[in-house]
Amino acid sequence: MSRQQLILLSGLSGAGKSVALKSLEDLGYFCIDNLPAPLLPQTVALLDEDGYPQVAISVDVRSAHNFASFPNHLEALFEFGLDVQMLFLEANNETLVKRFSETRRSHPLSSGELTVSEAIALEREMLGAFSEVAHRIDSSDLSANQLRSWIRQFVALDRSQLTVIFESFGFKHGLPLDADFVFDARCLPNPYYDKALRPLTGKDQPVIEFLQRQAVVVRFQEQIKTFMQAWLPEFEADNRSYITVAIGCTGGQHRSVYIAEQLAKHFAEHRQVLLRHREQHG
């Protein structure tokens with residue numbers, strides 16, 4: 001009998017856990033929201049015994065009084081021999097504060113004593129251990145449709161090997177919180193200043209041809225390739241499941257998109273790769 005596939009979902013309040021859990025439900029997962037950490041082992045064991053092949057459970061600080069025990073209960077899950085994946089959603093403070101303001105909801109840790117910003121800072125601290133070992137998604141600049149798409153990509157991954165994620169972004173919209181490495185492409189020739197290329201992206205052939213003609217662009221991407229090829233085996237040896245390589249330019253439309261595309265194409269020949277363009281919402 002195949003092992004139960006279990007996704008443990010956590011993240012910051014307001015970062016999109018409800019959207020993620022509904023997406024997993026649509027993908028056929030039996031979903032449980034806000035399960036107290038001490039109930040994890042017995043709940044998972046019961047669902048496995050009853051034959052649920054795919055289960056997703058949200059665990060977060062809404063059960064703050066017992067969340068500290070989560071690492072111990074997580075260890076018990078691995079001892080069961082289950083196929084466990086961990087997914088963590090985060091967003092920058094400005095986005096989270098804005099979302100709470102727009103929905104007029106209170107933060108689960110505020111209780112009238114902490115400001116929203118203070119509650120977010122406390123929550124980040126409480127969830128730090130989870131976020132360090134999970135697949136992270138920064139939802140700050142994502143639409144609901146983008147988040148659902150990224151969740152589908154996550155579910156489709158082969159859990160037995162390291163996943164390398166190449167993500168393009170625009171510096172003017174802020175750094176991606178889920179990045180392990182960030183490379184700054186703003187020093188490269190910018191297609192934006194060519195009026196014919198401005199409305200296009202790094203996936204369009206005229207932009208591709210423009211950037212391929214630039215020796216400095218070729219050197220930039222080759223040196224990233226060399227760096228990542230040298231260090232990916234070390235991350236595999238450290239049992240890392242995910243590495244996110246973020247490429248940024250000013251607006252996240254031309255240079256960063258092109259370079260992320262080229263790197264993803266190169267590494268996909270021998271590794272499991274995901275490609276994401278944060279600023280492209282189509």
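**A sheet, a helix and a pocket**

So, take residues 163-280: the end C-alpha atoms of that span lie 22 Å apart, and it is 37% helix and 22% strand. Bear in mind that this is a predicted model. Why pick that stretch? An unreviewed UniProt entry annotates residues 163-280 as "domain: RapZ C-terminal".

Now the sheet. In what order do the four strands run? It's an open sheet, E7-E8-E6-E9, with parallel pairing. Strand E7, at 181-184, and strand E9, at 272-277, are the edges, each pairing on one side only. From one strand to the next, the twist averages 20 degrees.

If you zoom in on E7, you'll see its parallel pairing with strand E8, residues 242-249, over four bridges. One to click on is Val182, whose bridge partner in E8 is Ala246. As a reminder, strands of a sheet pair through backbone hydrogen bonds, either parallel or antiparallel.

Next, helix H8, residues 144-155. H8 lies across E8, E9 and strand E6 (163-170), and its direction is at about 175 degrees to E9.

H8 also takes us to the largest pocket: along with helix H1 (17-26) and helix H5 (93-103), it supplies at least two residues of the lining. The space in there is about 510 Å³. Which of the 22 lining residues are closest to the centre? Those are Gly14, Ala15, Gly16, Lys17 and Ser18.

Technical notes:
Residues are numbered from 1 along each chain as its sequence is written. This is a predicted model: local features need pLDDT of at least 70, side-chain atom pairs count only at pLDDT 80 or more; totals for chains, interfaces and linings use all residues. Side-chain values use heavy atoms; hydrogens and water are left out. Two strands pair if DSSP finds at least two bridges between them. Axes are lines fitted to C-alpha atoms, for helices over the stretch in contact, and angles run from 0 to 180 degrees between N-to-C directions. Contact means heavy atoms within 4.5 Å. UniProt positions are given in the numbering used here, feature names are shortened, and annotations may be inferred rather than shown by experiment. On a 1 Å grid over the protein atoms alone, a cavity is a set of points where a 1.4 Å probe fits but cannot get out, and a pocket is an open set with protein on both sides within 12 Å along at least five of seven lines; lining residues have an atom within 4 Å of a point. Grid points are joined across faces, edges and corners, and a volume is the space filled by probe spheres set on the points.
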